[in-house]
Amino acid sequence: MSSKRYEQAATLVDRKKAYPLGEALALLKEMPKAKFDETVELSVSLGIDPERTDQVVRGTVVLPHGTGKTRKILVFCKGEREIEAKQAGADYVGTADLIQKIQDGWLDFDVAIATPDLMRDVSKLGKVLGPRGLMPNPKAGTVTDDVAQAIAEIKKGKVEFKMDKLANLHVVIGRLSFAAAQLVANAQAVLGAIVRAKPAAAKGSFIKRVSVSSTMSPGMFLDTKPLLEEHQER
């Protein structure tokens, strides 16, 4: 966003206000637009110690209205699973050929799935896929023998969330072209999944702050009380 357009958007935001979710999303849609369909993202600050391994927050959620983005799916599998993966709509299917291609620098995919029997081979790609969040992982449902189901869930709008080193989460909840009600439903689904992912070792207030923004907009802090009452945060 140009600095002028950003400044115009910033004048619409009350930095001292905690916005109801619906109001924040409506305001987001009123801001000066970029020349593309911006991504809308929820940012969540957690009240946990990111240094403690028993307080890692990670999980997945299927967004009721999807992400608005078609994601390219790669599946590491062989034999009958290859046929299943292709029929389910995978964009790339294979094993050794794909591993070599990725080692040579190719990364034209958004999600990687692998069957458990191939993880020993796929683990060679850890240094390449890990930092990019593309490494198949059982907790994310991307290491599985049921590749067809995993592909179907991703196509429906399944996304993964994982806290960063500062105990923050950033999760895409759709596009600016979505109806406000669709974005609200997606946001509620994400918050519910985060609450359910609360580690047993976490004490006190788990979700400290929540804000929403689009790719080129300033963020708006949300009123978390009504958002979390529905999920009965403990």
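In which order do the 3 strands of the open sheet with β3 in it lie, and is their pairing parallel or antiparallel?

Modeller: Please bear in mind throughout that this is a predicted model. The open sheet of 3 strands has the order β4-β3-β5, and its pairing is parallel. At its edges stand β4 (92-94) and β5 (111-114); each has a single partner strand, so one side of each is left without a neighbour in the sheet. From one strand to the next the twist averages 15°. The parallel pairing of β3 (residues 73-76) with β5 extends over 4 bridges. Within that pairing, V75 has I113 of β5 as its bridge partner.

A further open sheet is built from 4 strands in the order β7-β1-β8-β9, and here the pairing is antiparallel. Its edge strands are β7 (168-175) and β9 (220-221), each with a single partner strand, so one side of each is left without a neighbour in the sheet. Helix α2 (residues 21-30) packs on this sheet, where it touches β1, β8 and β9, and its direction makes about 25° with that of β8.

Strand β1 (residues 39-46) can be followed on both of its sides. With β8 it pairs in the antiparallel sense over 7 bridges, and 7 bridges also join β1 to β7, again running antiparallel. Residue L42 illustrates both pairings: its bridge partner in β8 is V212, while its bridge partner in β7 is V171. As for β7, 6 of its 8 residues are buried, so this strand is largely enclosed by the rest of the structure. In general, the side chains of a regular strand alternate between the two faces of the sheet.

The buried residues of α2 are L21, A24, L25, L27 and L28. Seen down the axis of α2, these buried residues fall within an arc of 160°, so they line one face of the helix. They pack against β1, α8, β8, β9 and α9 (224-229). Helix α8, for its part, lies across β1, β7 and β8 and runs at about 155° to β7.

These elements also meet in the largest nonpolar core. Of its 44 residues, L46, I207 and V212 touch the most other members. The elements giving two or more residues to this core are α2, β1, β6, β7, α8, β8 and α9. The largest share, 8 residues, comes from α8. Apart from this core lies another, of 16 residues, among them L98, I99, A112 and L129.

Not counting residues up to four places away in sequence, L46 touches V57, M163, A167, N168, L169, I194, F206, I207 and K208. One of these, A167, is found in the loop between β6 and β7. A167 has a positive phi of about 65° although it is not a glycine. With a relative accessibility of 1%, below the 20% limit, A167 counts as buried.

Strand β6 (residues 158-162) holds K158, a residue that counts as buried at 13% relative accessibility. The side chain of K158 reaches the backbone oxygen of A140 at 3.3 Å and makes a polar contact with the side chain of E153 at 3.0 Å. Leaving aside neighbours within four places in sequence, K158 is in contact with T60, V61, V62, R71, A140, G141 and E153.

Finally, the loop between α8 (180-196) and β8 (207-214) contains A202. At 7% relative accessibility, A202 counts as buried. Its contacts, leaving aside neighbours within four places in sequence, are with I48 and Q55. The C-alpha atoms of A202 and P218 are separated by 30 Å, although these residues are 16 residues apart along the chain.

How values were computed
Residues are numbered from 1 along each chain as its sequence is written. This is a predicted model: local features need pLDDT of at least 70, side-chain atom pairs count only at pLDDT 80 or more; totals for chains, interfaces and linings use all residues. Side-chain values use heavy atoms; hydrogens and water are left out. Buried means under 20% relative accessible area, exposed over 50%, partly exposed in between (1.4 Å probe, protein chains only). Contact means heavy atoms within 4.5 Å. Two strands pair if DSSP finds at least two bridges between them. Axes are lines fitted to C-alpha atoms, for helices over the stretch in contact, and angles run from 0 to 180 degrees between N-to-C directions. A polar contact is a pair of N or O atoms within 3.5 Å; within protein, one must be able to donate a hydrogen and the other to accept it, and residues adjacent in sequence count only if both atoms are side-chain atoms. The arc is that of the directions from the helix axis to the C-beta atoms. A nonpolar core is a set of buried Ala, Val, Leu, Ile, Met, Phe, Trp, Tyr and Cys residues joined through side-chain atoms within 4.5 Å.
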